[in-house]
Amino acid sequence: MLITWRGHSCFEIEEGDRTFVIDPFLDGSDVSVQGLDPDVVLVTHGHGDHVGAAAEFDAPVVAIPEVAHALEKEGCDTVDMNIGGTVSFGDVAVHMTMAMHSSSTGGYERYGGMPAGYVVEGETGSVYHAGDTSLFVDMRETIARMLQPDVALLPIGDHYTMGPESSAVAAEWLGVDVAVPMHFDTFPPVEQDPAEFVNLLPDTVEGVVLESGETLRYGEA
Ligand code: NI
Ligand code: MN
């Protein structure tokens with residue numbers, strides 16, 4: 001499994017013969033989705049810094065029904081699913097998980113359904129993208145227990161999501177081998193030192209701070 005950070009909460013996941021892009025976002029800086037060619041786009045929730053570039057690609061967009069409906073009106077092909085469900089793309093299973101946040105479409109005009117996270121599970125490993133969320137106990141009781149992810153992509157920016165301390169607890173609860181910080185430094189309210197997050201992790205979890213465009217290889221990919 002290859003996991004490439006594209007800035008903010010955007011990751012490219014290559015597993016088997018498929019490429020997934022989660023939370024594509026263009027802000028005009030080094031946060032870039034240029035050159036990506038996903039087979040499937042996954043959107044965690046309707047806020048602009050997660051759904052902003054979803055319509056840029058010739059690929060189906062997976063989202064909660066309220067967000068999928070809004071994207072369909074923009075001309076996207078969509079796959080709607082909901083929390084607790086699994087949809088398979090070839091040999092790769094996409095599980096939608098809960099998140100503790102808010103969601104809207106049309107800016108903040110319309111209700112966007114529940115926010116979500118994803119576990120993308122293939123033969124070489126599985127990765128949990130938490131979306132925007134606070135710490136919540138179902139990370140331990142449901143996501144870790146039922147889906148057993150190997151790698152966690154966790155927001156550390158604070159202000160709108162978990163900060164470093166909560167995210168380090170999340171990594172411990174999830175029982176992952178590797179934790180990667182996201183959703184920091186993009187805007188002034190979410191400025192954080194990712195090294196602080198890495199220092200707070202338990203010994204059982206390796207913290208990996210990716211540069212934008214850098215790839216983490218997990219398992220036999
Ligand atoms: Ni958000
Ligand atoms: Mn966000």
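This is a short tour of the structure, one selection at a time.

**Before you start.** The model is predicted: local features need pLDDT of at least 70 and side-chain atom pairs count only at pLDDT 80 or more, while totals for chains, interfaces and linings use all residues. Residues are numbered from 1 along each chain as its sequence is written, chains are lettered from A and ligands numbered from 1 in the order in which they are written, and side-chain values use heavy atoms, with hydrogens and water left out.

**Stop 1: the metals.** Select the manganese ion (ligand 2) and show its protein donors: Asp-49 (OD), His-50 (NE2), Asp-132 (OD) and His-183 (NE2), at 2.2 to 2.3 Å. Donors here are N, O and S atoms within 2.8 Å of the metal (3.2 Å for Na, K and Ca); water is not among the atoms, so sites may look incomplete. Along the chain, these donors follow the spacing D-H-x81-D-x50-H.

Which residue bridges the two ions? Asp-132 does, and the ions lie 3.3 Å apart.

Next, colour Asp-49 and His-50 by accessibility. Asp-49 is buried, with a relative accessible area of 15%, and His-50 is buried too, at 0%. Buried means under 20% relative accessible area, exposed over 50%, and partly exposed in between (1.4 Å probe, protein chains only).

**Stop 2: the rings.** Rings of Phe, Tyr and Trp (its six-membered ring) pair if their centres lie within 6.5 Å; planes under 30 degrees apart count as stacked, over 60 as edge-to-face and the rest as tilted. The count comes to 4 aromatic pairs. One of them is Trp-5 with Phe-184, a stacked pair with 5.7 Å from centre to centre and 15° between the planes. Trp-5 lies in strand β1 (residues 2-5) and Phe-184 in the loop between β14 (178-182) and α5 (194-200), so the pair links parts of the chain 179 residues apart. Helices (H or I, at least four residues) and strands (E, at least two) are DSSP runs, numbered from the N terminus. Trp-5 and Phe-184 are both buried.

**Stop 3: the cysteines.** How many disulfides does the structure hold? There are 0, where a disulfide is a pair of cysteine sulfur atoms within 2.5 Å. Cys-10 counts as buried at 0% relative accessibility, and Cys-76 is buried at 11%.
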